[in-house]
Amino acid sequence: MHGRESEGRDRTRGYRDRVDPKVVGRLRTEYESDGLREPDMAPDPFTEFRLWFDGVIEAGLEEPNAFVVATVGGDGRPSARAVLMKEFDEDGIVFYTGLSSRKSLDLGQNPHAAATFVWVPLHRQVRFEGTVTPVDDATADAYFATRPPGARIAAHASEQSRVVSGREELEERFDGLAREFGDNEIPRPAWWGGWRLAPETVEFWQGRPNRFHDRIRYRRTETAWTMDRLAP
């Protein structure tokens, strides 16, 4: 048996030794919080989200801008993956990716998505649902220019979500492009860009004792945002 394969099986066996599947369902963390009160919430979800996100930053959580975005393609099958928020304003949340990736192909067929931020140590999550549109070229170019050189080269080297023969193929592409670009400017490839999710609903979730959580939802109307409470 190859060493790497043996090591992987040993890890799996160790995990099974430590975690009893019958016990997992009984794991509990009691959520303690003052909870959410409608009068204390901002009149719009963007202001409220900024307050929550500032709190996450102050708490020192790792990758606070990570969220899971779910898409559905023309085949009706959902797909979800973690990405990073790179911009946020009243127009929505922005993330960047390969435009040939599965998520981008899904959004090209069905421009609706759901996004969920989960901050477990704070017992909080925020859910966005809405319409997604491409980020304009100028905005994508400006963000791409802020990425480290290695990340810019990687965007050129990777046809995201495509099958490759192995890691070696990817490394060869990267190394070849690194030599090709040298010290020259690395432009944004045409197959890399951003998406902006403009929310139609935003839900703020706060963990409470006895799994009797708080859920406050904002819904966009033609002229304003309405707020309602959902049962946990």
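# Exercises on a predicted single-chain model

The chain has seven helices and nine strands; helices (H or I, at least four residues) and strands (E, at least two) are DSSP runs numbered from the N terminus. This is a predicted model, in which local features need pLDDT of at least 70, side-chain atom pairs count only at pLDDT 80 or more, and totals for chains, interfaces and linings use all residues. Residues are numbered from 1 along each chain as its sequence is written, and side-chain values use heavy atoms, with hydrogens and water left out.

## Exercise 1: confidence

Find the mean pLDDT of the chain and the share of residues that reach 70 or more.

Solution. Step one: pLDDT is the predictor's confidence in each residue, from 0 to 100. Step two: the chain has a mean pLDDT of 88, with 86% of its residues at 70 or more.

## Exercise 2: the chain as a whole

State what percentage of the chain is buried, and what percentage of its contacts with a separation of 6 or more join residues 24 or more positions apart.

Solution. Step one: buried means under 20% relative accessible area, exposed over 50%, and partly exposed in between (1.4 Å probe, protein chains only). Step two: of the 232 residues in the chain, 37% are buried. Step three: among contacts with a separation of 6 or more, 64% are between residues 24 or more positions apart.

## Exercise 3: the largest pocket

Describe the lining of the largest pocket by residue, by element and by class.

Solution. Step one: on a 1 Å grid over the protein atoms alone, a pocket is an open set of points where a 1.4 Å probe fits, with protein on both sides within 12 Å along at least five of seven lines; lining residues have an atom within 4 Å of a point. Step two: the volume of the largest pocket is about 320 Å³, where grid points are joined across faces, edges and corners and the volume is the space filled by probe spheres set on the points. Step three: 17 residues line this pocket, and Tyr96, Thr97, Arg147, Gln160 and Trp192 lie nearest its centre. Step four: β2 (78-84), β4 (92-98) and α6 (149-157) are the elements that give two or more residues to the lining. The largest share, four residues, comes from β4. Step five: by class, there are 10 nonpolar, four polar and three charged residues. Here Ala, Val, Leu, Ile, Met, Phe, Trp, Tyr, Cys and Pro count as nonpolar, Asp, Glu, Lys and Arg as charged, and the others, Gly among them, as polar.

## Exercise 4: helix α6

Which residues of α6 are buried, and which elements do they pack against?

Solution. Step one: the buried residues are Arg152, Ile153, Ala155, His156 and Ala157. Step two: these buried residues pack against α5 (137-144), α7 and β7.

## Exercise 5: glutamine 206

Locate glutamine 206 and list polar contacts of its side chain.

Solution. Step one: glutamine 206 is in strand β7 (residues 192-206). Step two: glutamine 206 is buried, because its relative accessible area is 4%. Step three: a polar contact is a pair of N or O atoms within 3.5 Å; within protein, one must be able to donate a hydrogen and the other to accept it, and residues adjacent in sequence count only if both atoms are side-chain atoms. The side chains of glutamine 206 and arginine 124 are joined by such a contact of 2.5 Å. A polar atom of the glutamine 206 side chain also lies 3.1 Å from the backbone oxygen of histidine 123.

Note on methods. Contact = heavy atoms within 4.5 Å.
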